[in-house]
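Subject: Structure for you to look at

Hello,

Here is the structure I said I would pass on. My notes on it follow below.

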Amino acid sequence: MKKALVCGAGGFIGGHLVNRLKSEGYWVRGVDVKENEYGNTNADEFVIGDLRNPEVADEVITSDLDEIYQLAADMGGAGFVFTGTNDAAIMHNSVLCNLNVLEAAKNKGVKRIFYSSSACMYPEHNQMDPNNPKCSEESAYPANPDSEYGWEKLFSERLFLAYQKNHGIEARIARFHNIFGPMGTWDGGREKAPAAVCRKVAMAEDGGSIEIWGDGKQTRSFLIVDECVEGIRRLMSSDFSGPVNIGSEEMISLNDFAKMVIDISGKNLSINNIPGPLGVRGRNSDNHLITEKLGWAPSTPLRKGVEKTYDWISEQIQKKELEPVEA
Ligand code: NAD
Ligand code: GDD
């Protein structure tokens, strides 16, 4: 039986990944600073620990592991990563997790390690035109990410590749493009646009309005988490090291995305565009490389993933409303 460690198993993608590995017959250890918020993890062993501490990395990374999936990071949507107020924490916390995990993996002789990078590492100057952003893998350099979160991801990609080069540990690196779905953060300030828009629509009174940050003409592509996990497993099982995009090519403007969610809800709502943290003007995954190297690319239509996510977020809102209020 193969043994894997998932770092960040208390998080959104980590929780889904643990369950996927279990369904494939793996023995799985999870580690995170917190339990999975929605109980979405079937790990055989779950360690509450802070990977910024090298002793924690040394404890959870044992020499019997076949694979490590490093997803632990200080992470959030535009309201968290693009305001500037969390930059030092994001860079400090995430890079320490990566350093400690890699060093312990090297010391314990673990063969293969996955790293979750982000589309936020692509240069800002290639993402100014909302209708024609460039996010092919080789366009990463000369580097010019628009956020410190993106710079940290770019540095850490290089860190994983340096450990591969100097210490023989096999790195597999994916650049995720805005992953969404059930069991993901949907309120509290770290939520990304797909969950935020679903929440706003679900909470709005029929006939009312919802607020969308910016002019709504900025574009993104959003990928349902099941496809993300499929891509992680395919990359991890392949001979290709990456970095490679794991994202959807179904680009959409934020206002059109809001209209899609409104349509799914069956409500009659108008859109109010307001100032807010924006990030790049346009972004879309480029799936040429993943198709070439893995013979696969995500194919689930956006609307299908959004329908599932809208239903789940609506249920969460109802559950919260039913919670007893503390005296
Ligand atoms: P998430 O915030 O739900 O999960 C990250 C987990 O890491 C959290 O549970 C958090 O508690 C944990 N963590 C943070 N600091 C830690 C520490 N010091 N020690 C142990 N655990 C720690 O985020 P996610 O959406 O599941 O993202 C997973 C990974 O994918 C992250 O590295 C993120 O940067 C990357 N990524 C995600 C997206 C996306 O759209 N979700 C896009 C690009 C990249
Ligand atoms: N979060 C959020 N909430 N964004 C909104 C909202 C809202 O209510 N309304 C409009 N937006 C707009 C943002 O202003 C931004 O222009 C766009 O929707 C997308 O925002 P996010 O989904 O929050 O982030 P992102 O796509 O810019 O970046 C995310 O994806 C990256 C990978 O592609 C972040 O989560 C990054 O951390 C991640 O690496």
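Phe-114 has Arg-172 as its bridge partner in strand E6. E6 (residues 170-176) pairs with strand E5 (residues 112-118) in the parallel sense, over seven bridges. Two strands count as paired if DSSP finds at least two bridges between them; strands (E, at least two residues) and helices (H or I, at least four residues) are DSSP runs, numbered from the N terminus.

Before you go further: this is a predicted model, in which local features need pLDDT of at least 70, side-chain atom pairs count only at pLDDT 80 or more, and totals for chains, interfaces and linings use all residues. Residues are numbered from 1 along each chain as its sequence is written, chains are lettered from A and ligands numbered from 1 in the order in which they are written, and side-chain values use heavy atoms, with hydrogens and water left out.

The sheet

Seven strands make an open sheet with parallel pairing, in the order E3-E2-E1-E4-E5-E6-E11. Strand E3 (45-48) and strand E11 (244-246) are the edge strands, each pairing on one side only.

Ligand 1

Around ligand 1 there are 26 residues, and the closest are Ile-13, Asp-32, Asp-50, Tyr-149 and Ile-179. A residue is near a molecule if one of its heavy atoms lies within 4 Å of it. E5 gives the largest share of this shell, three residues. Polar contacts are pairs of N or O atoms within 3.5 Å; within protein, one must be able to donate a hydrogen and the other to accept it, and residues adjacent in sequence count only if both atoms are side-chain atoms. A polar backbone atom of Phe-12 is 2.8 Å from an oxygen atom of ligand 1, and a polar side-chain atom of Ser-116 is 3.0 Å from an oxygen atom of ligand 1.

Ligand 2

The shell around ligand 2 has 26 residues, the closest being Ala-78, Ser-118, Lys-200, Pro-277 and Leu-278. Its largest share, three residues, comes from H6, which is the helix at 193-203. An oxygen atom of ligand 2 lies 2.6 Å from a backbone N or O atom of Pro-277. In the side chain of Arg-220, an N or O atom is 2.9 Å from an oxygen atom of ligand 2. A nitrogen atom of ligand 2 is 3.1 Å from a backbone N or O atom of Trp-213.

Regards
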